[in-house]
Every structure is written in C-alpha cells, then in structure tokens.
Amino acid sequence: MITVTNAVKDFGDFRALDGVSLDVPAGSLTALLGPSGSGKSTLLRAIAGLELLDSGTIEIEGLDVTDVPPQRRGIGFVFQHYAAFRHMTVRDNVGFGLKIRKESKSVIRSRVDELLDLVGLGGLQDRYPAQLSGGQRQRMALARALAIQPQVMLLDEPFGALDAKVRAELREWLRRLHDEVHVTTILVTHDQEEALDVADHIAVLNQGRLEQVGEPTDLYDHPANAFVMGFLGSVSRLGNALVRPQHIHLRRIDEGVALAHTDWSADAVTERAIVERVTHLGFETRIELASIGTGEGFTVALTRADANVLGLSVGDHVLATADRDPSTASFDDYVI
Ligand SMILES: Nc1ncnc2c1ncn2[C@@H]1O[C@H](COP(=O)(O)OP(=O)(O)OP(=O)(O)O)[C@@H](O)[C@H]1O
C-alpha cells in the first residue's frame, strides 16, 4: 500500500500538487490519469523521491518515506524515453542494478535470464539497445526496473513514444505481466483508453487536485463530477444534463407534430432535435443532432441494428430522451 497524505508541491508561485491524498492498494495497478499539466508526473516523482514535497507525507508499506532518498525507497522507475546504456548488452543493462548491489555473477545471470523470458526478450541477451525496436527497449526497461525486486513500480508514460499499435500490444502485455508479478504499480497516462484497458484502479487528477479514485467501471458509471465524466468516455449535453451518447434514446417524430421543444423533468430529459449527420462506425452508428430549441449540437450512439430500425437520415426530426438514473446519486452534479 502506498499512502499519500495532503501532498502539496509548489514550483515558484505555481501549485502543481494541491493537497492530494491517495491510497494505492498493495498489488494493484493504479493509473494516474489527467490532462497535460494536471500534476501526474509530479505526484509520481514525489512518490519516487525525485521531487520533495513542500508539505504532506508519503508512506510505502506503512513506512514514512517522505524524507527517505530515492535509492532507499525500493522503487523501480520507467520513463517514457528509457535511457539505456548504449555500450552495454541487453543482459548487462538489465543486470546493472544487481551488479551495483554486488550480487554474484551466477545470481545475476539466472535472474536476468528469468526476467528476459518474463518480458518476452529471451534470446536477445547479447543484443545492444540500438538493435532493439522501441517496444522491445521499453520491455527491457521494465525488466531492468524489476531486477532489483522493487516493492513499487512507477511508470511514467512508458509507452508514450511508441505508435498506437505497439502501444496497444504493450498495454495488454503489461496487464499480463502485472498479473504474474503483482508488484504494486503506478502508471501515469493522459490516455483514458489506456487507463481503462490496463488499470484496476484509476485516480483522476485535474489542476493538481485529485478528482476521484476508484475502479474503472465505478468511475465510468458513477463519475463524481462533470470533469471525471468527460475525461473518462464520451459525453453529450442533452438539455440541462450531461449523458453518455449511448444512453440517449431516439424516437422519430413528424415534423408538424405539436410538441414542446424540451421537457426537463426530474426523471428524464427530452429534447426535440433534427438529424445533421449519420456515420456508421463498425457495429456502432453515430448520429449527430441539433436541438431545435437551443440549436446546440449533440451526439447519440446507437447499435447498427437499432439505427437500421429507425432508418434516420439527415433532416429527420426526432425526440431524444435520456433517463435520469436514480441510482446515480450525483446526477445533479452534471446539470449545468
Ligand atoms: N521543475 C519544474 N519547475 C517548474 N514547473 C514545473 C516543474 N515540473 C513541473 N512543473 C509544472 O507543474 C505542472 C504539473 O506538471 P506535471 O509534469 O506533473 O504534469 P503532468 O500531469 O504529468 O503533465 P504531462 O502529461 O504534460 O506530463 C505543469 O504546469 C508543469 O509546467
């Protein structure tokens, strides 16, 4: 367990961390998610000891490490651009931390072989970093960080510099690796899809403050506020509410029918709207609409089958309705 309590960090007169308190469960893979500049890296670096807090405390496994230097915190750190020793083989790079700790040659050799198999680089021991792909280099970085058997792994956008396909592969690989080694891991990312894909806990940061922390489905289904809702998944503004595009139902209406433009009751929000665009995206159909009352645009996501039944085309008039879900206690927070 990592416990951060009331962490404050100022850079000059800019407050990068503004009283962050966070528990990271032992053995979890927790993502720190937030927009650029929200303080994710600062928080990670503070946990690593690379940044000293102005106030607040950090505990790792019950031990107050606030004033403990980085090398004595039992931490493995992987950055976006891994600084490999270019003149050393993969074997020597991965074994470096063990050599510093004066482990015997045979221990280093067997541990490095084991780790390289674990990260899928078995057989590449004698290559040099320049002879690896970007994805392989990041996996080598993970192996090197794991070599010292850290209590905690801190990953700062470890796949950020790689292309989308390799990124997606490495995410899946990281998930599986974590299932095997169970080291408490914190991953910094600004990519909500990456966080939802990989993490079992997500902490959402915004302007140096923690907005919400919880399991991915919890955050998605019960976001604490409009920021979290908008950051984790798509959002449409329907009338006076923010709702998921797939939670809006459409009913075709006759253009001439006399109906109120809107109905924002306690149970549901209804807007009369006109279809502006229909896009088929695989199994999903996205309908872009404009409210007749306010002119404001919003998007609805339908399954292809439902869209076919409705058979909507540009210019059609519809009633768009979303339930105010009573189980979502904080729904009123979304009302603008
Ligand atoms: N050493 C520093 N000196 C001055 N300001 C800093 C320093 N380090 C970070 N900051 C500022 O603190 C804020 C938070 O930075 P941080 O790197 O933690 O954000 P982030 O959420 O990780 O963003 P990104 O996703 O862009 O890396 C930013 O506005 C940044 O400019």
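Student: How do β13 and β18 pair, and over how many bridges?
Tutor: Strand β13 (residues 249-253) and β18 pair in the antiparallel sense, over five bridges. Two strands pair if DSSP finds at least two bridges between them. Strands (E, at least two residues) and helices (H or I, at least four) are DSSP runs, numbered from the N terminus.

Student: What kind of model is this, and how are residues numbered?
Tutor: It is a predicted model: local features need pLDDT of at least 70, side-chain atom pairs count only at pLDDT 80 or more, and totals for chains, interfaces and linings use all residues. Residues are numbered from 1 along each chain as its sequence is written.

Student: Back to β18. Which residue stands opposite Val 318?
Tutor: Arg 252 stands opposite Val 318 in β18. Strand β15 (residues 268-281) also runs antiparallel to β18, joined by seven bridges. There, Ile 274 stands opposite His 317.

Student: Which residues of β18 are on the covered face, and which on the uncovered one?
Tutor: In β18 (residues 317-323), Val 318, Ala 320 and Ala 322 form the covered face. His 317, Leu 319, Thr 321 and Asp 323 form the uncovered one. In a regular strand the side chains alternate between the two faces of the sheet.

Student: New topic. What domains does the chain have?
Tutor: The assignment gives domain 1 (2-228) and domain 2 (235-324). Those bounds come from an automatic or database domain assignment. The C-alpha centres of domain 1 and domain 2 are 42 Å apart.

Student: Which residues are around the ligand?
Tutor: They are Phe 11, Phe 14, Ala 16, Gly 34, Ser 36, Gly 37, Ser 38, Gly 39, Lys 40, Ser 41, Thr 42 and His 190. A residue is near a molecule or strand if its C-beta atom, placed from the backbone, lies within 6 Å of it.

Student: How many of the shell residues are nonpolar, polar and charged?
Tutor: Three are nonpolar, eight polar and one charged. Ala, Val, Leu, Ile, Met, Phe, Trp, Tyr, Cys and Pro count as nonpolar, Asp, Glu, Lys and Arg as charged, and the others, Gly among them, as polar.

Student: Which element gives the largest share of that shell?
Tutor: That is α1, with three residues. β2 (14-24) and α1 (40-48) each supply at least two.

Student: And which strands does α1 sit next to? Start with the order of the four-strand sheet.
Tutor: The order is β2-β1-β4-β5, an open sheet with antiparallel pairing. β2 and β5 (63-64) are the edges, each with a single partner strand, so one side of each has no neighbour in the sheet. α1 packs on the sheet and touches β1, β2 and β4. Its direction makes about 115° with that of β1. Axes are lines fitted to C-alpha atoms, for helices over the stretch in contact, and angles run from 0 to 180 degrees between N-to-C directions.

Student: How many bridges join β1 to β4?
Tutor: Five bridges join β1 (residues 2-11) to β4 (residues 55-60). Thr 5 stands opposite Thr 57 in β4.

Student: Is Leu 43 buried or exposed?
Tutor: Leu 43 is buried, because 29 other C-beta atoms lie within 10 Å. The cut-offs: buried means 20 or more other C-beta atoms within 10 Å of its own, exposed 12 or fewer, partly exposed in between, with C-beta atoms placed from the backbone. Leu 43 belongs to α1.

Student: What is Leu 43 in contact with?
Tutor: Ala 7, Leu 17, Val 20 and Leu 32, leaving aside neighbours within four places in sequence. Contact means C-beta atoms, placed from the backbone, within 7 Å.

Student: What comes after α1?
Tutor: Gly 49 follows α1, and its phi is positive, near 90°.

Student: Which phi does Gln 149 have?
Tutor: A positive one, about 50°, although Gln 149 is not a glycine. Gln 149 sits in the loop between α4 (134-147) and β7 (152-156). It counts as exposed, because it has 12 C-beta neighbours inside 10 Å.

Student: What about Gln 207? Where is that one?
Tutor: Gln 207 is in the loop between β9 and β10. Its phi is also positive, about 50°. With 14 C-beta neighbours inside 10 Å, Gln 207 counts as partly exposed.

Student: What order do the strands take in the six-strand sheet?
Tutor: The order is β6-β7-β8-β3-β9-β10, in an open sheet with mixed pairing. The edge strands, β6 (75-78) and β10 (209-214), each pair on one side only.

How values were computed: Two residues are in contact if their C-beta atoms, placed from the backbone, lie within 7 Å.
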